[in-house]
Amino acid sequence: MKRVAAAKKQKNIPISSSKQTGISTWIANGSKSTQEHKDHETPSNEETDCTQDPLEEALVFLTKIKDRTSLKNEALQKHLLSVEKIAQERGLTPEEIDALLNIALSGKFAEVINTRLLKNLIPISTITEDSIVSAVSWLCVGKCSRNTQVLFLKWLIAMYDLIDHKEKVNALYGFFFNFLQDEKLCPFVCHVLYLLTKRENVKPFRVRRLLDLRSKMGSEAPLQALLLMYKSFAPSMVASNVFQSTKMQFKNSENQWKTAIGNIKQRIYGISPTSQPVLAFQPPKKKWNSKLMIPESNSNSDYLAQSSTANCIDFNSHPEFFPVQHLQTFSQLLENIHCLELPSQIGSVLGNHLLLHYVNCVTDDVVYQRMYYWLGQTFREECPWTKIENQKYELEFKEFLDTVLEAECFLQEGFSSCEEFLYRSLPFWDGCCCRSQVLQMISWIPLSSFSEMKPYLCKPLTQLFFTSSLYFKCSVLESLRELLLNWLNWHFLQADMAAELNAGVLNTSVSSLVNSITELIHFVGRLSTIALHLENNSAFLMHFVLDFYEIVCDMFQKYQIPLLVIPPAGVFYPALLSMDSVTVDQLCHIMFRYRTNLIAAKKYLQSKKASLQIKFNRQICQEYNQYITSMVGCLWTSNVFQMDSHPQGIYMEPGVLEKTSVQEYRKALNIVYHPAFTGYAILFMQQIQSEHKIPDIKLIQGKRWDWYLEYLYSQELQGLKVFIESSISRVFRPSQTKPGNYQ
């Protein structure tokens with residue numbers, strides 16, 4: 001967008017219209033001036049035509065001058081200084097760039113002069129692709145020196161984003177490829193090819209040629225980077241063991257032009273070169289730095305607008321090819337899905353929902369392989385906590401992770417390369433850098449054997465979990481909850497395919513799923529138990545723990561998972577004895593759902609149509625019954641200290657309880673005296689007693705007990721309601737006469 005704005009402002013540059021004239025017009029109009037330059041020994045003759053623009057005059061002079069003119073020629077030096085001064089002050093138009101390219105690469109001047117001209121090829125707008133084609137033709141002729149050729153390639157790399165169209169330039173791919181055999185040009189030709197490469201350019205013979213060059217020249221970074229680009233398009237053609245080092249960067253040699261263009265922009269438009277970069281001068285390893293969006297165009301926006309109006313290209317007439325740059329609507333995707341070509345930078349797919357739809361539908365494994373290798377390479381190169389030099393790019397890496405997560409959420413599927421990145425980097429993670437993004441990535445780990453995940457995920461995560469803040473613990477539990485939910489949703493969606501699979505395959509798949517989910521639940525149970533102990537049974541932490549078990553308790557009925565797992569005592573009893581009414585109410589709802597799922601599982605096993613073996617045994621029922629007995633004895637019958645039979649329960653000998661000197665200790669935890677409900681009891685008594693009396697909750701018995709129970713239900717304690725109604729047998733008939741309005 002910045003380049004578009006700059007191009008639109010170009011019309012305000014104080015340059016006469018004659019400066020936009022073609023080089024042929026300059027030569028024709030400059031015959032008189034050229035005639036006056038025949039005698040190069042007389043510099044005063046240069047001043048005869050004062051009305052001609054200095055740059056036009058210089059271009060005509062440099063075009064008409066004889067080959068191999070002496071460097072000491074005063075007229076030559078004067079015109080070179082004019083070119084340098086004007087180029088640095090206001091930049092050069094496309095026509096001026098074209099003329100100077102032809103002059104510099106034609107070989108008519110010495111290398112020193114060609115170098116001065118190339119270093120001052122500073123465009124103010126775009127560069128035409130015809131200029132590049134003409135320049136490459138001069139390279140093929142070979143009249144200029146190797147150093148001049150190298151400098152041109154550096155300039156081409158720096159100006160790549162300013163070339164208006166690239167179709168003709170890409171057609172020269174084979175010419176550039178042949179230059180690889182020149183050892184001096186090879187690093188820069190690799191960089192040009194890296195920028196030009198599309199999927200159709202990747203051929204087996206080119207891969208073989210690159211591997212041969214690699215064996216001769218060694219593992220040079222430019223060759224490695226080009227091979228990696230080839231592998232991203234055709235993973236099967238390049239073996240993974242080719243890349244011995246992950247540091248594959250090109251040398252950044254474009255600063256001289258970048259600085260000059262920035263200075264011109266600042267002078268003309270008042271734009272700071274540091275705050276608003278002019279070109280995409282980032283090295284190739286930073287390709288994702290531009291938020292991984294598909295390039296708006298391979299050309300300048302204004303130029304495209306004019307070109308599309310003039311040429312009226314109809315892509316429907318070319319059904320074999322539909323460029324992604326023109327994909328704007330979902331209907332276009334449906335119409336052209338058979339002839340759509342993904343962009344050269346596969347990472348740009350992540351930021352485009354239309355292309356993500358295409359990726360979700362396509363059956364070509366190459367697309368996923370390209371994404372796998374590109375993401376894996378980017379993670380290895382850019383992770384700020386595994387490479388010290390990347391720490392200054394933490395914000396950019398965070399934006400990159402957000403883009404990846406958005407794509408995973410859209411596809412409802414995690415990338416395997418993200419999983420590998422987590423396993424590789426978590427041991428070095430401090431729990432702070434990109435915390436939100438990393439924990440979200442954990443929730444999208446694809447379903448796999450949890451036993452294999454333990455050493456890579458559980459061990460480093462556990463170490464951070466127990467040594468970090470309460471907020472971090474809650475964030476980890478939320479992430480693991482989302483991981484469980486994603487695995488359950490994946491299984492639920494796969495149930496539609498059950499009819500197409502035979503029973504053996506289905507049972508095998510479900511069996512592995514059940515084992516992984518069981519281990520994940522037990523892992524979270526251990527984390528929760530220790531975390532609650534460390535944080536003094538924090539109600540905030542308990543909220544996240546019970547949220548996890550809200551999903552666990554309903555797996556059979558809601559997600560068709562043949563599995564029942566009861567929460568550990570280290571979670572159940574702190575929740576039952578909590579001073580927070582929301583926590584106790586949530587626990588009651590969870591135990592009610594466990595009861596519903598247990599009954600449904602028992603009926604399913606007794607039915608003749610049972611096709612899945614539920615992981616359901618006597619021990620689960622026994623543990624559930626122990627918990628129910630404790631809850632009923634605590635909240636209702638007031639005998640929890642005598643009736644609790646769980647090994648980790650709160651059973652106490654009567655003698656020990658008497659020594660506490662607590663009056664009526666038997667009732668200490670029922671729905672009236674429980675710390676979570678005492679406040680409700682006091683408010684209830686204030687409403688049914690006279691205002692002048694002190695509320696006495698001891699009076700809540702008999703009819704008042706039933707009224708108090710209705711009062712609790714009216715306070716949105718629905719979990720307590722369904723638990724009492726389902727687990728406690730009682731005769732309850734609402735009184736016809738109730739106390740005043742306590743709703």
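In helix 33 (residues 678-688), the buried residues include Y680, A681, F684 and M685. Buried here means under 20% relative accessible area, with exposed over 50% and partly exposed in between (1.4 Å probe, protein chains only). Helices (H or I, at least four residues) and strands (E, at least two) are DSSP runs, numbered from the N terminus. Seen down the axis of helix 33, its buried residues fall within an arc of 130 degrees, so they line one face of the helix; the arc is that of the directions from the helix axis to the C-beta atoms. Helix 29 (581-606) and helix 34 (703-714) are among what covers these residues.

The model is predicted: local features need pLDDT of at least 70, side-chain atom pairs count only at pLDDT 80 or more, and totals for chains, interfaces and linings use all residues. Residues are numbered from 1 along each chain as its sequence is written, and side-chain values use heavy atoms, with hydrogens and water left out.

The chain as a whole holds 35 helices and two strands. Of its 743 residues, 50% are buried. Contact means heavy atoms within 4.5 Å. Among contacts between residues at least 6 apart in sequence, 73% join residues at least 24 apart.

Next come the nonpolar cores. Such a core is a set of buried Ala, Val, Leu, Ile, Met, Phe, Trp, Tyr and Cys residues joined through side-chain atoms within 4.5 Å. The largest has 141 residues, and L480, I517, M591, F677 and Y708 have the most contacts inside it. Helix 25 (residues 503-534) gives the most to this core, with 11 residues. Domain 2 (321-411) and domain 3 (671-727) each supply at least three residues to this core; the domain bounds come from an automatic or database domain assignment. Apart from neighbours within four places in sequence, F677 is in contact with S581, V584, L635, I671, V672, Y708, L712, L717 and L720. A second, separate core has 77 residues, including L62, A87, V169 and V207.

Helix 9 (residues 146-158) is mostly covered, with 10 of its 13 residues buried. Among them are F152, W155 and I157. At 1.5 Å a residue, helix 9 should span 18 Å, and its end C-alpha atoms are 18 Å apart, which agrees. The expected span is 1.5 Å times one less than the number of residues.

Q626 is found in helix 30 (residues 618-635). Q626 counts as buried because its relative accessibility is 14%. Leaving aside neighbours within four places in sequence, Q626 is in contact with S645, H646 and P647.
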